[in-house]
Amino acid sequence: MKSNSGSSLFELSPQNQPVPDSFKVMTNLLLENGANKEVIAAMLEIAQFSIHHVRWLAGPVIVHQSLWMETLPKWLIEVIYLDRLERIFQEHETGEIGVLATPAEVLACMYPATMEAPLHSDWVNVYLWVGNEVFSKHQRLQETSLWQLLGEDRPVKFESIKSDFERLARDIRRKVVEAAKQRGWGKKPLPSTTASQKSPPDTENRPLQYTLF
């Protein structure tokens with residue numbers, strides 16, 4: 001399909017090359033307005049992004065198995081896909097295939113566990129750090145930080161939680177990509193879903209259960 005300017009709607013973007021701003025804006029707007037994430041993943045595949053990146057975007061949200069998983073905030077699920085897409089563009093432009101999930105994904109995974117039972121102090125620090133990262137980035141707090149809200153004058157430093165965070169983030173991303181692979185991404189024709197469709201309330205769009213501890 002061609003636009004009025006004669007350029008392709010899906011401009012191919014080889015590794016180590018900047019992703020066209022128009023493509024970034026278009027895909028972000030579609031996600032922000034409720035387009036099915038699988039449609040955006042299909043657009044990445046057409047544009048010749050890595051199949052790993054396609055699967056990561058198309059994959060489910062991973063959460064700790066608990067009755068509390070049903071209370072996961074909708075806004076958090078939405079920003080998970082926005083943050084994945086942002087990271088995918090960054091990795092694509094540097095020719096990198098990363099291994100870590102985003103802080104939003106770690107926050108979502110840990111959320112049900114924090115509601116179920118007290119966590120070890122090491123995991124509390126991970127949860128607080130990713131919470132502050134996500135809330136600050138997506139402006140969920142009004143002119144303050146999570147540390148100020150909690151009255152904490154010594155914020156958790158990334159260096160102190162790096163090992164635990166990266167271990168969990170690595171496991172989450174691996175499981176997301178594997179789940180997308182099992183659902184056929186990279187092994188069958190592109191979905192025929194149109195970009196105007198919303199994500200249907202079926203099991204493929206529900207969080208994937210995961211035993212955290």
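User: What makes phenylalanine 23 and phenylalanine 49 buried?

Analyst: In this predicted model, both phenylalanine 23 and phenylalanine 49 come out as buried, and that label is given for a relative accessible area under 20%.

User: Why is the aromatic pair of phenylalanine 23 and phenylalanine 49 called stacked?

Analyst: Their ring centres lie 6.1 Å apart, and a pair needs centres within 6.5 Å. The planes are at 20°, and planes under 30 degrees apart count as stacked. The pair links distant parts of the chain: phenylalanine 23 belongs to helix H1, phenylalanine 49 to the loop between helix H2 and H3, 26 residues apart. Phe23 and Phe49 also form one aromatic cluster with Phe89.

User: And why is the pair of tryptophan 129 and phenylalanine 165 edge-to-face?

Analyst: Here the centres are 5.4 Å apart and the planes sit at 70°. Tryptophan 129 is in helix H6 and phenylalanine 165 in helix H8, so the pair ties together parts 36 residues apart in sequence.

User: How do you know whether tryptophan 129 and phenylalanine 165 are buried or exposed?

Analyst: Check the relative accessibility: tryptophan 129 has 12% and phenylalanine 165 has 6%. Buried means under 20%, so tryptophan 129 counts as buried, and so does phenylalanine 165.

User: What about glutamate 166, why is that one called buried?

Analyst: Glutamate 166, in helix H8, has 16% relative accessibility. With the limit at 20%, glutamate 166 therefore counts as buried. Leaving aside neighbours within four places in sequence, glutamate 166 is in contact with Leu100 and Phe158.

User: What makes H3 roughly perpendicular to H8?

Analyst: The axes of H3 and H8 come within 8 Å and cross at roughly 95°. The range for roughly perpendicular is 65 to 115 degrees, so H3 gets that description relative to H8. Residues of H3 including His52 and Trp56 meet residues of H8, among them Arg173 and Val177. The contact residues divide into 5 nonpolar, 2 polar and 3 charged.

User: How do you know that arginine 173 lies over the face of tryptophan 56?

Analyst: Arginine 173 is at 3.6 Å from the ring centre of tryptophan 56, and the distance limit is 6 Å. An angle within 35 degrees of the ring normal is also required, and arginine 173 is listed as lying over the face.

User: Last one: why does valine 61 count as buried?

Analyst: Valine 61, in the loop between H3 and strand E1, has 4% relative accessibility. The limit is 20%, so valine 61 is buried.

Technical notes
Residues are numbered from 1 along each chain as its sequence is written. This is a predicted model: local features need pLDDT of at least 70, side-chain atom pairs count only at pLDDT 80 or more; totals for chains, interfaces and linings use all residues. Side-chain values use heavy atoms; hydrogens and water are left out. Helices (H or I, at least four residues) and strands (E, at least two) are DSSP runs, numbered from the N terminus. Buried means under 20% relative accessible area, exposed over 50%, partly exposed in between (1.4 Å probe, protein chains only). Contact means heavy atoms within 4.5 Å. Axes are lines fitted to C-alpha atoms, for helices over the stretch in contact, and angles run from 0 to 180 degrees between N-to-C directions. Angles under 35 degrees count as roughly parallel, over 145 as roughly antiparallel, 65 to 115 as roughly perpendicular and the rest as oblique. Ala, Val, Leu, Ile, Met, Phe, Trp, Tyr, Cys and Pro count as nonpolar, Asp, Glu, Lys and Arg as charged, and the others, Gly among them, as polar. Rings of Phe, Tyr and Trp (its six-membered ring) pair if their centres lie within 6.5 Å; planes under 30 degrees apart count as stacked, over 60 as edge-to-face and the rest as tilted.
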